[in-house]
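Reader: I would like to understand how the terms used for this model follow from their definitions. Please take me through them.

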Amino acid sequence: MEPTKGSVLTTAQRAQLSKGISGEAIYQMVKTALVGRHAGGGILVDVGCGKGLLWFYLAGLFDRYVGVDIVRYEGFPETGEFHKVDLDSGRVELPDDSADVVVSVETIEHLENPRAFFRELVRLVRPGGWIVVTTPNQLSLLSKLTLLFYNEFNAFRDGSYPAHLTALLEVDLRRIANENRLQDVAVFYSCHGRIPGVRWHWPRAVSRLAPRALSDNVLLIGRKPPSDDR
């Protein structure tokens, strides 16, 4: 379904607009954030999993993969476990503290209540486990110039709305992490960003010099406090 200006879509329709995939740079960013933090093994829960492509980047780090989404896309890993849920209104049918790591790739911006969604991620991960969230980077040069000239963030212009609903800055992610008392919080940038005015992307060596300004996506990672710290 192609959205029309002012149309209201269901969660499933918004999800299908993404085609269940994200860019390689985003998946690599998630892997970079977890290597050295997650000791290996255990359960990965991928909330807003789409086709489950993240598993092909992280399979060597975990024993089990659980995908959660409103749509089960063709190509979802055969070895994965899938749970269908409307992330705007439903609760993931998994026990509290059931995951070693919970990841949500390019999903929070599609939802009506990012704080409620983040609390669900915290519920799912075990004490001491990691939460990873990625979203479009509103602090990129491209996004700031788009805001200056068009009064809209680049990833939230009419071409992306109503699939993209909620624009979050790095400071918003940090505040939400603090509200949930996450520890060891860190922020990463994808070092993959489009050059304003053209279809080309910055050379990776250049984007690494100014990752916040020259990256299309941002990642926050934080650790759920151990039980005795809550």
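**Pairing, packing and burial**

Author: In this predicted model, aspartate 46 has valine 103 in strand 4 as its bridge partner. Residues are numbered from 1 along each chain as its sequence is written. Because the model is predicted, local features need pLDDT of at least 70 and side-chain atom pairs count only at pLDDT 80 or more, while totals for chains, interfaces and linings use all residues; side-chain values use heavy atoms, without hydrogens or water.

Reader: What makes strand 1 and strand 4 a pair?

Author: Two strands pair if DSSP finds at least two bridges between them. Strands are DSSP runs of E with at least two residues, and helices are runs of H or I with at least four, both numbered from the N terminus. Three bridges join strand 1 (residues 43-47) to strand 4 (residues 99-104), so the two are paired, and they run parallel.

Reader: Why are strand 3 and strand 6 said to stand at the edges?

Author: The seven strands form an open sheet of mixed pairing, in the order 3-2-1-4-5-7-6. Strand 3 (81-84) and strand 6 (183-189) each have a single partner strand, so one side of each lacks a neighbour in the sheet.

Reader: What makes helix 4 mostly covered?

Author: A residue is buried under 20% relative accessible area, exposed over 50% and partly exposed in between (1.4 Å probe, protein chains only). Eight of the 11 residues of helix 4 are buried, among them Phe117, Phe118 and Leu121. With contact meaning heavy atoms within 4.5 Å, the buried residues of helix 4 pack against strand 1, strand 4, strand 5, helix 6 (170-179) and strand 7.
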